[in-house]
Amino acid sequence: MPVIKKLGFVLLMFFLSAVSPAQSVQLRYVFQQGSTFELRVQDRAETYLTIQDSHQRTSTQGNYTLQLRVVNIMPATSSAIMEARYKKIFLTASSQDITNTINTDGNAQDALNLVFRRMIDKPFRFTIQQNGTIQDIEGIDSLIAFAIGAIPANTSKAERQAIINFVQEQFNADAFHNQFINLFPRYPDHAVQVGDGWTDIVQLFGRLGGSLTTAWKFDYGDKYGLKVSAQGNMISNKMAVIDLGGGIKGNVDVQGNSQSSYLISAENGWPTRSVQHTEINGAYIYRAAYNKKMKQDIQIPVRYVHDLQYELLH
C-alpha cells in the first residue's frame with residue numbers, strides 16, 4: 001500500500017470513535033436500484049513448485065477495475081442482482097525468465113492482449129444476498145467466447161489452446177465465485193456488538209473444490225464507519241480427480257490460511273477498503289492409475305502466497 005494511502009487509512013481508524021460495547025449493530029448490505037460502485041483491486045501472487053529437486057517460481061502482479069451496478073432488487077429473497085464490467089486490466093506474469101504483460105489500456109497486438117481487451121465493458125451478472133452470500137454468476141460463458149474470438153487466425157494451434165485454457169480456467173464462473181467470496185465479507189443474521197464474532201463455512205467451486213471456514217470479528221466502528229476482521233482456513237477436496245495439465249489426472253491436496261480486514265460503510269454495509277493475505281501449502285499428486293506412462297504416483301510440493309488490497313468507491 002502506498003505510504004500516503006496507508007497513513008490516511010491509519011488516521012481514519014484513529015479518529016473513528018468506538019461503538020459502545022453495549023450497542024448492537026445489524027450488519028447487512030443495503031441495495032439501491034441503479035447504485036454504481038467502482039472496485040479497484042491490486043494484488044501480487046507467488047507460486048512455488050518443487051519438481052525433481054528443481055524449484056520453480058511464478059510471480060504475478062497487477063491491478064484491475066470492475067464497475068458494479070445494482071440492476072434488480074429482490075426483497076423476497078433479501079438479495080440483488082449486480083451487473084459487473086471490467087474497465088481495466090493490467091497484469092504481469094513471470095516464470096523462468098519469461099515475462100508476459102497484459103494491459104488493456106495499451107495497443108499491443110499479441111494474442112493475449114487482444115483477448116483481454118475484448119473483456120473490457122463486456123457485462124456479466126451475479127446475485128448477492130444482504131448477508132454477503134454470492135450466488136448465480138451468469139454471462140461468463142458468453143464473455144469468454146467473445147474474448148477468445150479475438151485470437152488471430154495465424155496463431156499456432158498450441159498457443160491458441162494454451163490461451164483458451166488459461167482464460168477458461170482463470171475467468172470461469174467458479175473462479176469468479178471464489179474470488180467474490182474473498183472480496184465481500186459475509187455478515188451474521190443476528191445483530192452483533194463490538195467484540196462479537198461469528199463463523200461461516202462456504203463451499204469452494206472449481207478445480208480445488210473443498211471449503212473455506214472463516215472466523216469473523218466485529219472490531220469497532222461508529223455512525224461513519226465500521227471495521228470487521230477475518231481469519232480463514234481453506235482446505236481442498238483432495239479426493240477429487242482433476243486434470244492437472246496435459247491430460248494428466250490427479251489430486252490437489254492443499255490447505256491454507258488467510259487474514260483479512262475490512263473497512264465498512266455504516267450507511268450501506270458495503271466494504272470500502274480491504275487488505276488481505278493468504279498462504280496455501282500442499283502438493284499436486286499426479287496419479288499413475290490415470291496415466292499409463294507413469295509407473296507410480298508423483299507428488300509435486302506447492303506453495304502459494306497472495307497479497308491483495310482494494311478500494312470500493314460509491
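Mentor: Buried denotes under 20% relative accessible area, exposed over 50%, and partly exposed in between (1.4 Å probe, protein chains only). The model is predicted: local features need pLDDT of at least 70 and side-chain atom pairs count only at pLDDT 80 or more, while totals for chains, interfaces and linings use all residues. Residues are numbered from 1 along each chain as its sequence is written, and side-chain values use heavy atoms, with hydrogens and water left out.

Trainee: How many salt bridges does the count come to?

Mentor: A salt bridge is a side-chain nitrogen of Lys or Arg within 4 Å of a carboxyl oxygen of Asp or Glu. Some are joined, as in the network that links Arg44, Glu46 and Arg57. By this rule, the count comes to eleven.

Trainee: How far apart in sequence are the parts that arginine 186 and aspartate 200 tie together?

Mentor: Arginine 186 and aspartate 200 form a salt bridge, with their closest N and O atoms 2.6 Å apart. Helices (H or I, at least four residues) and strands (E, at least two) are DSSP runs, numbered from the N terminus. Arginine 186 lies in the loop between α5 (173-183) and β7 (197-203), and aspartate 200 in strand β7, so the separation of the parts they tie together is 14 residues.

Trainee: Are arginine 186 and aspartate 200 buried or exposed?

Mentor: Arginine 186 has a relative accessible area of 6%. For aspartate 200 the value is 16%.

Trainee: Which strand holds arginine 273, the salt-bridge partner of glutamate 311?

Mentor: The closest N and O atoms of glutamate 311 and arginine 273 are 2.8 Å apart. Glutamate 311 lies in strand β13 (residues 298-313), and the pair ties together parts 38 residues apart in sequence. Both residues are buried. Arginine 273 lies in strand β12 (residues 271-286).

Trainee: What is the relative accessible area of arginine 303?

Mentor: The side chain of arginine 303 meets that of glutamate 279 in a salt bridge (3.6 Å, N to O). This pair links strand β13, which holds arginine 303, to strand β12, which holds glutamate 279, 24 residues apart. Glutamate 279 is partly exposed at 28%. Arginine 303 is partly exposed too, with a relative accessible area of 34%.

Trainee: Which residues touch the most other members of the largest nonpolar core?

Mentor: A nonpolar core is a set of buried Ala, Val, Leu, Ile, Met, Phe, Trp, Tyr and Cys residues joined through side-chain atoms within 4.5 Å. The largest has 55 residues, and the members that touch the most others are Phe126, Phe180 and Phe184.
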